[in-house]
Amino acid sequence: MKLTITTNVSVDGVMQGLGGSNEDRRGGFERGGWALPIRDPEAGARISEIYGRADAYLFGRRTYEIFAGSWGAIPEMMTSPVGAALNSRPKYVVSGSLTDPPWAGTTVLSGDLAAAIGELKARLDGELLVPGSGALVRWLLANDLVDQLDLLTYPVIIGQGTRLFPDAGPDAALDLVESRSTAKGITIQVYRPTGRPQYATG
């Protein structure tokens, strides 16, 4: 099973609170809901395509709770293409404390995550999609478990909030598979990790 990350970020790499003003106010974040005013039909169609082709989904705890309370609970969101895909396919959430997940079709992964996710990748066919889930994404990259990264970058600088990649972390070389932009300037890029980068010497 191919593990794919899909993430929406600003030009300065912020991924926090993109969907709603009160979605995620950790750290005093006050600039939520920044993606929706910019999103255009082409970007929306690409997001629907990404979710629609997935065979299962893997979440960090916080993203899972946001999705369960929206795509898994609000009728108009549940019946959208993204919601229909999410609600009809297996979902896995990484958590050491969640014991009774509220969203039907959810399995909790805990303990040895590398082994559990490695087993999923070996046992299942198709694509395992990781939406958002910044802390989980950074861990997956550090443990060489990512096969593809679908990145949508919005033409806006947020100036605060949690960023996809930390100031210090593992490095990775990326092979650009696809790149295009939408009418509103959202860039859609598909990368595949290819090991560590090469650095100039001397």
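**Backbone, helix and pockets**

Student: Is S133 buried or exposed?

Tutor: The relative accessible area of S133 is 5%. This is a predicted model, in which local features need pLDDT of at least 70, side-chain atom pairs count only at pLDDT 80 or more, and totals for chains, interfaces and linings use all residues. Residues are numbered from 1 along each chain as its sequence is written, and side-chain values use heavy atoms, with hydrogens and water left out. Buried means under 20% relative accessible area, exposed over 50% and partly exposed in between (1.4 Å probe, protein chains only), so S133 is buried.

Student: What is the phi of S133?

Tutor: Most residues other than glycine have a negative phi. S133 is found in the loop between β5 (127-131) and α6 (134-142); helices (H or I, at least four residues) and strands (E, at least two) are DSSP runs, numbered from the N terminus. S133 is not a glycine, yet its phi is positive, near 60 degrees.

Student: The backbone oxygen of which residue lies 2.8 Å from a polar atom of the side chain of S133?

Tutor: A polar contact is a pair of N or O atoms within 3.5 Å; within protein, one must be able to donate a hydrogen and the other to accept it, and residues adjacent in sequence count only if both atoms are side-chain atoms. Contact in general means heavy atoms within 4.5 Å, and beyond four places in sequence S133 has such contacts with M15, L58, F59, G60 and T63. The backbone oxygen that lies 2.8 Å from the S133 side chain belongs to P131.

Student: Is D144 buried or exposed?

Tutor: D144 is in the loop between α6 and β6 (148-154) and has a positive phi of about 55 degrees although it is not a glycine. Its relative accessible area is 67%, so D144 is exposed.

Student: Within what arc do the buried residues of α5 fall?

Tutor: Helix α5 (residues 113-123) has L113, A116, I117, L120 and K121 as its buried residues. Seen down the axis, they line one face of the helix, while A122 and R123 on the other side are exposed. The arc is that of the directions from the helix axis to the C-beta atoms, and for the buried residues of α5 it is 135 degrees.

Student: Which residue caps the N-terminal end of α5?

Tutor: Elements covering the buried residues of α5 include β1 (2-10), β2 (56-60), β3 (91-94), β4 (106-109), β5 and α6. At the N-terminal end, a side-chain oxygen lies 3.4 Å from the backbone nitrogen of A114, and the residue that supplies this oxygen is D112.

Student: Which helix gives the most to the lining of the largest pocket?

Tutor: On a 1 Å grid over the protein atoms alone, a pocket is an open set of points where a 1.4 Å probe fits, with protein on both sides within 12 Å along at least five of seven lines; lining residues have an atom within 4 Å of a point. The largest pocket has 35 lining residues, of which L18, E23, T63, F67 and G132 lie nearest its centre. At least two lining residues come from each of β1, α1 (41-53), α2 (61-68) and α6. With five residues, the element that gives the most is α2.

Student: What is the volume of the largest pocket?

Tutor: By class, its lining has 14 nonpolar, 14 polar and seven charged residues; Ala, Val, Leu, Ile, Met, Phe, Trp, Tyr, Cys and Pro count as nonpolar, Asp, Glu, Lys and Arg as charged, and the others, Gly among them, as polar. Grid points are joined across faces, edges and corners, and a volume is the space filled by probe spheres set on the points. For the largest pocket this comes to about 800 Å³.

Student: The side chain of Q148 makes a polar contact of 3.3 Å with the side chain of which residue?

Tutor: Q148 is in strand β6 and, at 5% relative accessibility, counts as buried. A polar contact of 3.0 Å joins its side chain to that of D150. The 3.3 Å polar contact is with the side chain of R192.

Student: What distance separates the C-alpha atoms of A68 and A104?

Tutor: A68 is in helix α2 and is buried, with a relative accessible area of 13%. Not counting residues up to four places away in sequence, A68 touches A73, P102 and W103. A68 and A104 are 36 residues apart along the chain, and their C-alpha atoms are separated by 9.3 Å.
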